[in-house]
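This briefing describes the fold, surface and selected residues of one protein chain. The sequence and structure are shown first, and the notes follow by topic.

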Amino acid sequence: MTETTPGWLSTDELEMARGHMPILYVEAVPVRVDDSGEVTSVGLLLRIGADGTISRTLVSGRVMHHERVRDALLRHLEKDLGPVALPRVPASLQPFTVAEYFPTAGITPYHDPRQHAVSLAYIVPVTGDCRPRQDALDLVWFSPQEAASPAVQNEMPGGRGALLKQALAHVGHTY
């Protein structure tokens with residue numbers, strides 16, 4: 001498929017860039033909150049990887065050239081959760097952490113064999129009806145305790161389980 005959106009790289013251009021420089025990403029942990037703002041559940045996507053493996057993951061994607069971080073975050077939330085997820089992106093766009101993914105495992109808890117990537121990670125409450133789209137098979141809501149369990153963590157490759165636990169700790173759920 002040919003991408004016609006300005007600021008998007010062709011497959012060859014992206015591979016060349018990945019080999020020479022870090023690529024900027026955004027990641028979002030979709031959550032449901034109660035009336036007092038307490039996180040009651042965490043949404044995790046179920047995907048099939050290029051190698052055929054099934055895994056759980058977060059909303060994530062690249063920031064395009066000349067795209068605001070807020071716009072990239074909203075674009076990826078809509079792409080992965082559907083147009084009526086109704087995300088509530090905070091007015092102050094302060095990430096809960098910056099995750100650095102390296103192609104060499106073990107440098108940080110985060111690993112991406114394709115590239116060196118820098119990811120701004122956010123916790124985003126969603127209030128609408130989430131229907132996964134694109135390459136996501138399903139979206140499953142877990143309690144914070146279930147999301148932090150070893151069973152769920154083991155289904156999250158590349159260090160995303162560690163990122164999820166960091167997000168939970170950021171909102172007061174340490175396990």
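The protein chain exposes about 9,400 Å², of which carbon and sulfur atoms supply 54%; accessible areas come from the Shrake-Rupley method with a 1.4 Å probe, and for residues only the protein chains shown count as cover. The model is predicted, so local features need pLDDT of at least 70 and side-chain atom pairs count only at pLDDT 80 or more, while totals for chains, interfaces and linings use all residues. Residues are numbered from 1 along each chain as its sequence is written, and side-chain values use heavy atoms, with hydrogens and water left out.

**Surface and charge**

- Buried residues make up 44% of the 175 residues in the protein chain. Here buried means under 20% relative accessible area, exposed means over 50%, and partly exposed lies in between (1.4 Å probe, protein chains only).

**Overall fold**

- The protein chain contains 5 helices and 7 strands, in the sequence order α-β-β-β-β-α-β-β-β-α-α-α. These elements are DSSP runs numbered from the N terminus (helices: H or I, at least four residues; strands: E, at least two).
- The radius of gyration of the protein chain is 16 Å, close to the 16 Å that the globule rule gives for 175 residues, so the chain is as compact as a globular protein of that length. The radius is taken over C-alpha atoms, and the globule rule is 2.2 Å times the number of residues to the power 0.38.
- Along the principal axes, the C-alpha atoms fill a box of roughly 45 × 35 × 30 Å.
- Of the contacts with a separation of 6 or more, 66% are between residues 24 or more positions apart. A contact means heavy atoms within 4.5 Å.

**Aromatic pair**

- The structure holds 1 aromatic pair. The rings of Tyr101 and Tyr110 have their centres 5.3 Å apart and their planes at 50 degrees, so the pair is tilted.
- Rings of Phe, Tyr and Trp (its six-membered ring) pair if their centres lie within 6.5 Å; planes under 30 degrees apart count as stacked, over 60 as edge-to-face and the rest as tilted.
- Tyr101 is buried, at 3% relative accessibility, and Tyr110 is buried as well, at 8%.

**Residues in strands**

- Val29 belongs to strand 1 (residues 23–33) and is buried, with a relative accessibility of 3%. Beyond residues up to four places away in sequence, Val29 touches Val42, Leu58, Phe96, Tyr122, Ile123, Val124, Leu164 and Ala167.
- Val98 is located in strand 5 and is partly exposed at 47% relative accessibility. Apart from neighbours within four places in sequence, Val98 is in contact with Val118, Ser119 and Leu120. Val98 and Arg133 are 35 residues apart along the chain, and their C-alpha atoms are separated by 26 Å.
- Val118 lies in strand 6 (residues 117–125) and is partly exposed at 21% relative accessibility. Residues up to four places away in sequence aside, Val118 touches Pro22, Ile23, Leu24, Tyr25, Val98, Ala99 and Glu100. From Val118 to Tyr101 the distance is 6.3 Å, C-alpha to C-alpha, across 17 residues in sequence.

- His66 sits in the loop between strand 4 (59–62) and helix 2 (69–81). Its phi is near 70 degrees, a positive value in a residue other than glycine, and His66 is exposed, with a relative accessible area of 80%.
- Leu86 occupies the loop between helix 2 and strand 5 (97–101). Phi of Leu86 is near 55 degrees, again positive in a residue other than glycine, and Leu86 is partly exposed at 48% relative accessibility.
- Thr174 is in the segment after helix 5 (160–170) and is exposed at 63% relative accessibility. Thr174 and Ala148 are 26 residues apart along the chain, with a C-alpha separation of 8.5 Å.
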